[in-house]
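Please look over the model below before reading on. My notes on it are set out as numbered points.

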Amino acid sequence: MAKWGMVIDLEKCTGCQACTIACGMENSRLPGEHWQDVIFFQEGEYPNAEIKWFPRPCMHCENPSCVAVCPVRATYKAEDGQVLIDWERCIGCKYCMIACPYGVRFYTEEKATYGGPNMKDVFKSEDAHSWSPPWKMPQEDWKHGVGVQPHDVVSKCTFCFHRVSKAPKGTVDFDPQNPATREYTPACVVTCSPGARFFGDLSNPNSEVNRQIAYKNGVRLLDHLGNKPQVYYLTGEGGSVPATRSLKKI
Amino acid sequence: MSDSLFNPKLTRRRFLQATGVAGAAGSIGLGSQLISVQKAQAEAPTTTGQTVVTKSFCHQCPARCGIDVYTTNGRIHAIYGTLDNPLSNGKLCPKGHYGVYLTYDADRIKGPMKRTNPKKGRNEDPKFVPISWDEALDIVAGRLNALREKGESHRFATLTGRGWGYSDVGLLTEFGKLYGTPNYNLGHSSMCSDASETVKHIMDGHHAYSAYDYANTNYLLVFGAGFLEAFRPFNPNMQKWGLMRSKSPKTKVTVVDVHLNTTGSSADRLLLVKPGRDGALALAMAHVILTEGLWDKHFVGDFVDGINRFKTGAAIPLTVNQEDVDAWKAAKAEAAAKKDAAAQKAAEEKVKMLAEIDKLKKAVKEAKGDAKAALEKKLAEALKKQDEADAKAKLIAEQRAMLEKDRKPEPVPVVGQPLFQEKWTHGLIEWWNIELKDRTPEWAEEISGVSAKDIITVAREFATTKPAVALFERGASAHTNGVYNGMAIHALNALTGNMFAKGGLRGYQMKTAWAKLPIKVEDYQDDYAKDGPWKKQPRIDMVKTKKWPLAKNMMQEIAINHLKGEPYKLDTAIIYMTGAVFSGPDCTKWEEMWREVFVIDTSPFPGETNRFADLILPDHTYLERLQIADTYPYEGYPISMIRTPAIKPLYDTKVFGDVIIEIGKRIKGPTAEYYKKIDNTENIIKWMCEGFKEKPGDNGVVDFETFKQKGVWYRKPYAYLQKDGVFYEWDGKGYNKILTAAEVKEKVMPTPTGKFELKVTELEHHADYVQERFGLPAERAPFPQWVEPRHGGNGDLHFVSPKLAGQAEGRSANLPHVTAMIQPVQGGKREVFLEIHPEAAAKRGIRDGDIVKIKNKIGEIRVRARVTHTTRPDTVVLPMIHGHWAQGRWAEAKDRLPSGSTNEVTENLSEPLSGLACYHSGLVSVERV
């Protein structure tokens, strides 16, 4: 059993949102349904104002608030540490969306923000799916929240379950530059140009993710809440993560 | 019921049946129940079909990153960077992934069409009807043949945006020669970044973008380039950013810009400069570098006597005078006297020491008992001290002798010779005297609004942190003084010895080993082509005439010239990958022009141009194409890439290169023969790849087939290197071959002087033109200097329209996936906002989120205001992505703001030397609606 975790180095992150777009493409997300969002905020005053940002996937918490509140056990903690949603069970009550302190969950029937025709109408589904874009991913696994979802369910980052779960047993580090592990690595990690993201096994003390956390003082978002995220941030000099306060997203 | 809720075996369907509740949202109750029946069938994980990976390269910016296109069951569903591609290295920027959405854009054009509504206008429905390719091509050829018969073939033009190389836009050169038009390829570069190419061209001899060695640089000084948003090649730049910011030593970054963006926020220092004043900063930095003696002596050279005469306000004689010689002699004499005095002092000390020893020896002889022992000890100490002193003196003498042996004879100043011996630069002292000596940091503070203290600090850091790179783009150069700004910035690279250096400005793009086609255009030119009346006609954009003697293209002038009929009016135009109706300054002029011209649009997507089109000959989208291209300048070594179709074309489209060939086949005379021989672009590409047989790629690419497999051909390394003022050439093993000055001039710095020209020969030649356009005296023309920018439009606020990180070339406005994440810094989800400073907003009664009017004498657009501390109080910022009125259902969404293109409030002003449109020089007023 592994304990999958992610490390995001904010000193390298350029705020380009390639992770957001790659995730949406890989997982057939609706426009604006940013499983992997980048949260921007501004502080200070001219001329010494700051723009700050941090990418925010699902934290895949050790103590997930969402699992605790789900009335139908649709949201669950999987064997290898991911928090997943079973779309077979989800009733779309959104309790989990309210419980999640990180705001990483999306309801399928949310109103579109982007303007113009609704993509769900343009690429209408003929079956149970909520829509059917021509570019939809070939994998489908509703038990693990993978694929184009049905109507009325909640969805979120799966740590690219459909890629990671195919990795050979015993894989510790998912290095996108290594052809042997590249295809199993989460989309956001694969595409990240400055190499700000790492994915691997937190339960293995020798893993790259643990090395990064130890060397560069990894911190977790809103750590005081006790959710124990499995996503760590390296803040270095360049970045900042609001570890102790909640932030209003712009 | 509570039991069943927590019964893990209960499926959702059963739960719904048991409770009669249909989703907590409750809105689609029945639908949910029906759906859940089918859900059971999708329960098990499935993957359908075999996934195929095709090599291609990206289309969303000029960088051309290699991509792997993932296709399953004939559908593209993913795009990732190619791992063994030196540009993408397996990575992509956000835009790299857009291909899936672009291919399946629901607004795509499905085949050739012709207009049936003769009335043209923004709000006129063209009433397109589908036609066959044959009919469409015959219409084009009919018009072209008719023009030729009338002797008016120059009235046919092709306007091009992003070209990909010889298999598309490259074909137009031959077409022009065979058909007979000077307007065969009216490029868009003057509406892009021509100023940076012009600066490099006139100063170091390369009309090109530079290759930078970011991986090894320790200091990055960025002027108006949006390094982490818009500067190309974006993806490799970000890869290098990750390295620069985590290597040891960490690369220090200073950014000069007019507003705070992600680049400025990521940097170590942001200097918020007044728009168009970047050159003043760079001049003051050069002033500091010289007065503080921080210039690179190996590359630039030095005063013959090593005495720094760069003193603020003081002119320097060009040649050595008697005073210099006397001063040098006096200094030499003083040094010699000092040396003599020191030697004498040492000799005296030795005598004293020896006398002391003698005295002690005598005393030892005479002394007895305890006193003797003490004296003996003292003597031993004195002898030891003497021995040590002798040994030290000997060692110093030996070392001095060694140094003397290798010492080159010191230059002796001779009256009448240059006082400063320049090595690889040309004109430094003249530049100092005419411009730099008064360009103090305090002066620059007045002009630019950046504090003198910051200017001095950055100048010192830049000059003393080696290697370093100073780069600039449109923030600094899209102004009426843009080339002079750029020259001042580029000069910093030379002053600090970073030209062609490891970790510096590494060089320029080397060429790919393509094979030349075995067919000669000259053999197929008829008399008309060789000597028809078209030969006497200038290009419609008046490039290379007295009007624009130095510019490469002047697309923004075409509409004005056409409307005036000067030099003539166009009759027929093919438009490829460009849309000046939206993207040209003062863009509405183009609407008037296109009303009068037979417009042939080639875009596979709707757009503003196509609303005025008479004929549409839709291109394949990029993942459907077979196409080749050379890299955008990156690290200097040659890289070329190929697009292999990932899917069969979805619609009845034809690749642009083949459209040109098909038109050629229909031109009367030998032209048709030429194009029948070539037949199609695939033949061309296959033939060109033959060149790889002789020069295989580092990745083993030797022909067309291996090229398709790998997607890229490249050969490392870059051929030249400058180190400590010596130029080397790669000899196959290392940078071992030292280049002579003549070789440097031929191969590395092909300027008229073979030097980095701080006094630009080309501008000396065009001094009259400079005088006419800038009002500068002829003797000032050739030097980097401060020229006051002229601002277009009118109003009390500067207006800039930058490009965002997520903005792809041309087509991203119609992609909802892009709109939903664009301008994240200001919270964009649907529209882009006008950044306005709280003070500026308060003065105008504007609150955050208000709809405001931006207006000036050119036009007026509406947009939503974002009151923010991220911009200067005198500058408003609006990204240029949205405001389309004919680009598709999403781009044109109801109530989408801004209401129009940023170019509807951008005056058509051009920088006179490069012709670059001054997109960032405008003034506007802003008021609440």
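Predicted model: local features only at pLDDT ≥ 70, side-chain atom pairs only at ≥ 80, totals over all residues.

1. Chain A has an open sheet of three strands, in the order 9-1-10, and the pairing is mixed. Strand 9 (197-201) and strand 10 (231-234) of chain A are at the edges; each has a single partner strand, so one side of each has no neighbour in the sheet. From one strand to the next, the twist averages 20°.

2. Within that sheet, four bridges link strand 1 (residues 4-9) of chain A to strand 10 of chain A, in the parallel sense. To find this pairing in the model, look for Ile8(A), which stands opposite Tyr233(A) in strand 10 of chain A.

3. A helix also belongs in this picture. Helix 8 (residues 208-215) of chain A lies across strand 1, strand 9 and strand 10 of chain A, and it runs at about 120° to strand 9 of chain A.

4. In chain B, strand 27 (residues 797-800) pairs with strand 32 (residues 922-928) of chain B through three bridges, and these two run antiparallel. Strand 27 of chain B also pairs with strand 31 (residues 875-877) of chain B, again over three bridges but in the parallel sense.

5. Which way do the residues of strand 27 of chain B point? Leu797(B) and Phe799(B) point one way, His798(B) and Val800(B) point the other way, and all are buried.

6. The largest nonpolar core contains 319 residues. Val222(B), Leu281(B), Met285(B), Ala286(B) and Phe462(B) are the residues with the most contacts inside it. Helix 10 (residues 278-291) of chain B gives this core its largest share, ten residues. As background, nonpolar side chains in soluble globular proteins tend to be buried together.

7. Ala286(B) deserves a separate look. Apart from neighbours within four places in sequence, Ala286(B) is in contact with Leu436(B), Ala488(B), Ala491(B), Leu492(B) and Leu495(B).

8. How many residues of chain B are in contact with chain A? There are 75, and they meet 72 residues of chain A. Elements giving two or more residues to this side of chain B include helix 2 (12-19), helix 3 (29-39) and strand 4 (75-81) of chain B. Strand 4 of chain B gives the largest share, six residues. By class, the side of chain B that touches chain A has 34 nonpolar, 31 polar and ten charged residues.

Notes: Residues numbered from 1 in each chain as written. Chains lettered and ligands numbered in written order. Buried ≥ 20, exposed ≤ 12 C-beta atoms within 10 Å, placed from the backbone. Pairing = 2+ DSSP bridges. Core = buried A, V, L, I, M, F, W, Y, C linked by C-beta atoms within 7 Å. Contact = placed C-beta atoms within 7 Å. Axes fitted to C-alpha atoms, helices over the stretch in contact; angles between N-to-C directions. Nonpolar A, V, L, I, M, F, W, Y, C, P; charged D, E, K, R; others polar.
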